[in-house]
Amino acid sequence: MPGLEDLYREIILDHYKSPRNRGSLEPPAVRTEGHNPLCGDEIEVYLAVTDGIISDIKIGGQGCSISQSSASMMSAAVKGKPIADVRALISRFKHMMSIDEGGPEPDTSAPLGDLEALQGVVKFPVRIKCAVLSWNTLAEALETATA
Ligand code: ZN
């Protein structure tokens with residue numbers, strides 16, 4: 001019987017090979033980019049916010065399987081969600097990656113779905129930057145979109 005690690009590896013590979021929400025959006029959608037020089041990962045986030053909801057998101061860039069699958073999962077998890085929920089998800093994801101930003105403990109009661117596949121990354125500190133890159137880039141896009 002395949003173990004949890006195999007299942008997680010399969011989910012990560014699936015998002016890497018068939019990335020969700022790949023592409024770009026025209027202005028007035030916000031565009032931000034993030035780089036992880038340690039690994040060579042690049043992520044572009046195109047974000048459209050309508051009435052406080054992430055109405056559309058597209059992902060560009062290239063890099064390792066962790067960075068690209070994390071971006072794909074992130075895009076699927078936030079599309080159609082209210083900004084407040086997305087901000088909460090960003091801090092919850094960082095918390096899962098052992099990044100403490102000093103805020104309140106995130107509510108971890110709701111299931112994370114595919115994102116749980118990335119929790120094993122925390123065992124490899126050098127890859128945490130790969131996994132978090134798209135989330136930081138999304139946070140920056142949110143700041144710009146709601147400024
Ligand atoms: Zn990487």
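Visitor: Where is His-35 placed?
Guide: The model under discussion is predicted. In it, the place of His-35 is within a strand, namely β1.

Visitor: Is His-35 buried, partly exposed or exposed?
Guide: Burial requires a relative accessible area under 20%, and exposure one over 50%. The relative accessibility of His-35 is 48%. His-35 therefore counts as partly exposed.

Visitor: Which residues does His-35 touch, not counting those up to four places away in sequence?
Guide: A contact requires heavy atoms within 4.5 Å. With residues up to four places away in sequence not counted, His-35 touches Asp-41, Glu-42 and Leu-133.

Visitor: Are Asp-41 and Cys-64 buried or exposed?
Guide: The cut-off for burial is a relative accessible area under 20%. Asp-41 has 1%, and Cys-64 has 15%. Asp-41 is therefore buried, and Cys-64 is likewise buried.

Visitor: How many helices and strands does the chain have, and in what order do they run?
Guide: The chain has four helices and three strands. Read from the N terminus on, the order is α-β-β-β-α-α-α.

Visitor: Why does the radius of gyration agree with a compact globule?
Guide: The chain has 147 residues, and a compact globule of that length would have a radius of gyration near 15 Å. The C-alpha trace spans about 45 × 35 × 30 Å along its principal axes. The radius of gyration agrees with the globule because the chain has 14 Å.

Visitor: What share of the residues in the chain is buried?
Guide: A residue is counted as buried when its relative accessible area is under 20%. Of the 147 residues in the chain, the buried share is 41%.

Visitor: Where is Met-74, and is Met-74 buried or exposed?
Guide: Met-74 lies in helix α2. Its relative accessibility is 0%, and the limit for burial is under 20%. Met-74 therefore counts as buried.

Visitor: Which residues are in contact with Met-74, leaving aside neighbours within four places in sequence?
Guide: Contact means that heavy atoms lie within 4.5 Å. Leaving aside neighbours within four places in sequence, the partners of Met-74 are Val-45, Ile-57, Ile-59, Leu-115, Ser-134, Trp-135 and Leu-138.

Visitor: Which residues are in contact with Tyr-8, beyond neighbours within four places in sequence?
Guide: Tyr-8 lies in helix α1 and is buried, with a relative accessible area of 14%. Its C-alpha atom is separated by 8.2 Å from that of Asp-114, 106 residues apart along the chain. With neighbours within four places in sequence left aside, Tyr-8 is in contact with Glu-116, Ala-117 and Gln-119.

Visitor: Where is the cis peptide bond that involves Pro-28?
Guide: The place of Pro-28 is in the loop between α1 (4–17) and β1 (30–36). Omega of the cis bond is about 15 degrees. The residues joined by this bond are Pro-27 and Pro-28.

Visitor: Asn-21 and Asp-51 have a positive phi; is each buried or exposed?
Guide: Asn-21, with phi near 55 degrees, is placed in the loop between α1 and β1. Asp-51, with phi near 50 degrees, lies in the loop between β2 and β3. The relative accessibility of Asn-21 is 18%, whereas Asp-51 has a relative accessible area of 77%. Asn-21 therefore counts as buried, and Asp-51 is exposed.

Conventions. Residues numbered from 1 in each chain as written. Predicted model: local features only at pLDDT ≥ 70, side-chain atom pairs only at ≥ 80, totals over all residues. Heavy atoms only, no water. Helix = DSSP H or I, 4+ residues; strand = E, 2+ residues; numbered from the N terminus. Rg over C-alpha atoms; globule rule 2.2 N^0.38 Å. Buried < 20%, exposed > 50% of the residue type's maximum accessible area, 1.4 Å probe, protein only.
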